[in-house]
Amino acid sequence: MKLSFRGAAGEVGRSCIMVENGRRKTLLDCGVKFEKEDAFPVLEDAEARKLDAVYLTHAHMDHSGYLPALYSAGYKGKVFSTKPTRDLTQVLLADYLRLDKGVPYKQDDVIKCLKHMEMLEYGEEKNGAAFRDAGHILGSATVTLKGAGGKTVLYTGDINLRESRLLDGAPTDGYKADALIIESTYGGHDDKRMPLKQASQYLANSIRETFKKKGKVIVPTFAIGRGQEILFTIDSHMRSGTLEQSPIYVDGMINKALRIYRHNAIYLRKEIQRRILTSDDDPFKSENYRIPERKDRSDVFEQEKAIIVTTSGMLNGGPVLTYLKKLAPHKQNKIILVGYQAKGTRGRDLLEGADELQIDRQRIPVNLEVDETKFSAHSDQRELLEFVACVKGLKRVFIVHGEKEKSEQLAEAIHRNHRHLRVDIPKLGEEFSI
Ligand SMILES: [Zn+2]
Ligand SMILES: [Zn+2]
């Protein structure tokens, strides 16, 4: 088998791995990166046409955003994914096409791509490939590919071993593979996750402080994954009385994603399924949730207190910018960053103490408080090591989907624990035979 890394090599974004398996060519993920340069995977049109199959681990655009470009290049095969991944990808691709100016394909290609998506359940095998729950977002999966020569490759996609409010963690039993391709978003030595309960307390305290000052709280998040976790967390604090009731405005794609989560409730934790069935406790139907009614969001700004949960998580677009323009200049307000902030994004700038932001050619002074709590949907270093240890028969590991230092620190930690393993951090375009 031959592995070739076409993206997410020394970076977070544009995940794309080509696996040559005898004569069969397969792609694992095909995403974009939200940066002006190096936004797309390194893949020739002629290569795209020769693919036999594509496996998509989950709907996030850094894994799925480039899929339609395969069809504009003439690919006629299938994209395999779980059902929730298909549903969520549909919404995200439409949004990307609508909002982003640099999309490298047309609506027709998106339609073609969606028509060619085929569902695979967790545990179901097709052409030697199988998905298992990755615990990262609804429908997220790890992929195992069995090669012609009896070799097996396992790819984590984005993985979370820990149970969250909505999802079970990824299982760690029953894995067997010769090579593992593992993400490293939070693979650094200092990446130690706060227990969920503690993160949830922290969030409630932070909101309470701002309410005392009669300020508004913006919580920017990814539309899918953290958005739902954050909403459920805030709502459950309000239900239990640990946080006073106030409107929680849900803006942007999070609403659509919320509906898809509810439609695919069978993929959620058993406890959430039970609450949906005993309808007066349905966590998807809280009276605290509001949708902004006016285009300029003045109905939100008129509130004395409000929480706004909106996209995008790294502040590189979406309704959050409208809120920032209005709320950032005032010090009684607060923004709470809850997810990964990539280099070069406004989110990262805020964390690094920026005192103004450039939005739509306007300079917006930043006087609001900036707070951070990690509601990560990614495993930390300890959990990633736990995953490596659970894979039987492992001989080599490839580390992807992380900033250089994080990947290096994870490599070092793996090496320390498993001297016999060969560990590589592939460079863009690099090829390996296994
Ligand atoms: Zn992801
Ligand atoms: Zn990712």
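Author: Donors are N, O and S atoms within 2.8 Å of the metal (3.2 Å for Na, K and Ca), and water is not among the atoms, so sites may look incomplete. This is a predicted model, in which local features need pLDDT of at least 70 and side-chain atom pairs pLDDT 80 or more, while totals for chains, interfaces and linings use all residues. Residues are numbered from 1 along each chain, chains are lettered from A and ligands numbered from 1 as written, and side-chain values use heavy atoms, without hydrogens or water.

Reader: Which residue coordinates both the zinc ion (ligand 1) and the zinc ion (ligand 2)?

Author: The zinc ion (ligand 1) is held at 2.2 to 2.3 Å by His58 (NE2), His60 (ND1), His136 (NE2) and Asp158 (OD). The two zinc ions are 3.5 Å apart, and the residue coordinating both is Asp158.

Reader: How are helix H6 and helix H7 oriented to each other, roughly parallel or roughly perpendicular?

Author: Helices are DSSP runs of H or I, at least four residues, numbered from the N terminus. Axes are lines fitted to C-alpha atoms over the stretch in contact (heavy atoms within 4.5 Å), with angles from 0 to 180 degrees between N-to-C directions. Those of H6 (residues 196–212) and H7 (residues 226–240) come within 10 Å and cross at roughly 70 degrees. Angles under 35 degrees count as roughly parallel, over 145 as roughly antiparallel, 65 to 115 as roughly perpendicular and the rest as oblique, and H6 and H7 are therefore roughly perpendicular.

Reader: Which residues of H7 make the contact with H6?

Author: On the H6 side the contact is made by Ser200, Gln201, Leu203, Ala204 and Ile207. Their partners on H7 are Ile230, Thr233, Ile234 and His237.

Key:
Helix = DSSP H or I, 4+ residues; strand = E, 2+ residues; numbered from the N terminus.
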